Amino acid sequence: MNLAAFPSSSTTTTTLATPATLPWHEMPLINSSATTSSLLLRRSLCASLRRISHMASYAASPTSAPAATASTENGAAKATEQRPVQVAKRLEKFKTTIFTQMSMLAIKHGAINLGQGFPNFDGPDFVKEAAIQAINAGKNQYARGFGVPELNSAIAERFLKDSGLQVDPDKEVTVTSGCTEAIASTILGLINPGDEVILFAPFYDSYEATLSMAGANVKAITLRAPDFAVPLEELEAAVSKNTKAIMINTPHNPTGKMFTREELEFIATLCKENDVLLFSDEVYDKLSFEADHISMASIPGMYERTVTMNSLGKTFSLTGWKIGWAIAPPHLTWGLRQAHSFLTFATCTPMQAAAAAALRAPDSYYEELKRDYSAKKAILLEGLEAAGFIVYPSSGTYFIMVDHTPFGFDNDIEFCEYLIREVGVAAIPPSVFYLNPEEGKNLVRFTFCKDEDTLRGAVERMKTRLRKK
């Protein structure tokens, strides 16, 4: 298939609150200047996604029938008409997440899953024991809405140690059900319909979906290989009188990029000069390999306009606990807590007690974590290079981004389908993390948050089974 290139500018815009006038798979991801080639690519990628979604659904329910059945009062079964799924227009473009689709396909084909970013090993025993003790001590009822005091204090202590900033645990720390809820509470609590928010593409898919629920307008500034540096002039030109917030993620998922001090200070200057808020997702702050993590709130003059979001899951390999938090000055905390109160109200009580114990771990824990992940990263990095990928540097997170074009496939979704089906390894096609999927069609994301035997097994499959198309 001929996939014509989009215009060279890497700034794209979409208005997420406008009702659709086309079927979801024909809706352009950028503004009205989108070219015919963009729609062709969009349809191609979405056709692949529909195929994946169908296959994944079959994997989950291989015996499902076209029509559902229901029982009558006398026990006889009767057929019920299969109805089309219903979803609000603001969410109809998002469908099933790519993480779910690829993980289900991996199960169906017996593939080694290097796609979704969850460890296949357990978290530390001292944290799990703290959870058990909390349960046995009767800490099982609703927690205080914005967090149990011991966890709020532990978060504030950790933030002081990491950033040098002292915050009030009761007024400036809000515990949430994972960082994804911290993101949702921040956006829904502080962004109004029609507000403009700038993201850096590729981005975690929750950002765009939640901004859609808030009725925001999104602009995306594309970070491009090989170093995924921030295009400073494009960013400056993108900020307008309508810009309410800029959202960053450092270390960055999915590229592994760490924002440099120069980039952060440039963004900070734009925020201060234009009265723009800054939302900073820092869940991978303890997985920084090439440089020290810099929290945006620590840049002079930025704390008063910054919401810093983080979580327990990545650092302590306990992603299923869903313990996150947001740190912000009181005038911003008010809005995000209003949203939090009506999303989840409170977060799991005994796990909060355990999270407090985790955050008070000695520095040796974090040093060992980084050594362990550095070894895993080396296995995957060397294996991907040996298998024939163009491998891009990863300074943080537990992800590596590669270029799959040496193997001759038209786009990332087609390649990832082949990789699962024929090679037995699952990865994530990152084109879904762009407003304009053309910009990500040559890339694939792998994760190394797996045990070393699993990583070696995946590398061996790729080295021996990968073939050019």
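**Aromatic pairs and a helix crossing**

Tyr365 is buried, its relative accessible area being 16%, in this predicted model. Its ring forms a stacked aromatic pair with that of Phe316, with 4.8 Å between the centres and 10 degrees between the planes. Because Phe316 belongs to helix H9 (residues 313–316) and Tyr365 to helix H12, this pair ties together parts that are 49 residues apart in sequence. Phe316 is likewise buried, at 1% relative accessibility.

Helix H12 (residues 363–387) also carries Tyr373, which pairs with Phe121 in the loop between strand E4 (112–113) and helix H3 (125–136), 252 residues apart. Tyr373 is buried at 0% relative accessibility, whereas Phe121 is partly exposed, at 24%. Both rings belong to a cluster in which ring pairs also link Tyr284, Phe289, Tyr398, Phe399 and Phe448. The model contains 23 aromatic pairs.

Charged side chains also lie over aromatic rings. Arg445 is placed over the face of Phe399, a member of the cluster, at 3.7 Å from the ring centre. Lys257 lies over the face of Phe259, at 5.1 Å from the ring centre.

A further feature is the packing of two helices. The axes of H5 (residues 178–190) and H6 (residues 205–214) come within 9 Å and cross at roughly 35 degrees, and the crossing is right-handed. On H5 the contact involves Thr180, Ile183, Ala184, Ile187 and Leu188, which meet Ser206, Tyr207, Thr210, Leu211, Met213 and Ala214 of H6. Eight of these contact residues are nonpolar and three are polar, with no charged residues.

Terms used
Residues numbered from 1 in each chain as written. Predicted model: local features only at pLDDT ≥ 70, side-chain atom pairs only at ≥ 80, totals over all residues. Heavy atoms only, no water. Axes fitted to C-alpha atoms, helices over the stretch in contact; angles between N-to-C directions. Helix = DSSP H or I, 4+ residues; strand = E, 2+ residues; numbered from the N terminus. Left-handed = near helix turned anticlockwise from the far one by under 90°. Contact = heavy atoms within 4.5 Å. Nonpolar A, V, L, I, M, F, W, Y, C, P; charged D, E, K, R; others polar. Phe/Tyr/Trp six-rings, centres within 6.5 Å; stacked < 30°, edge-to-face > 60°. Buried < 20%, exposed > 50% of the residue type's maximum accessible area, 1.4 Å probe, protein only. Lys NZ or Arg CZ within 6 Å of the ring centre and 35° of its normal.
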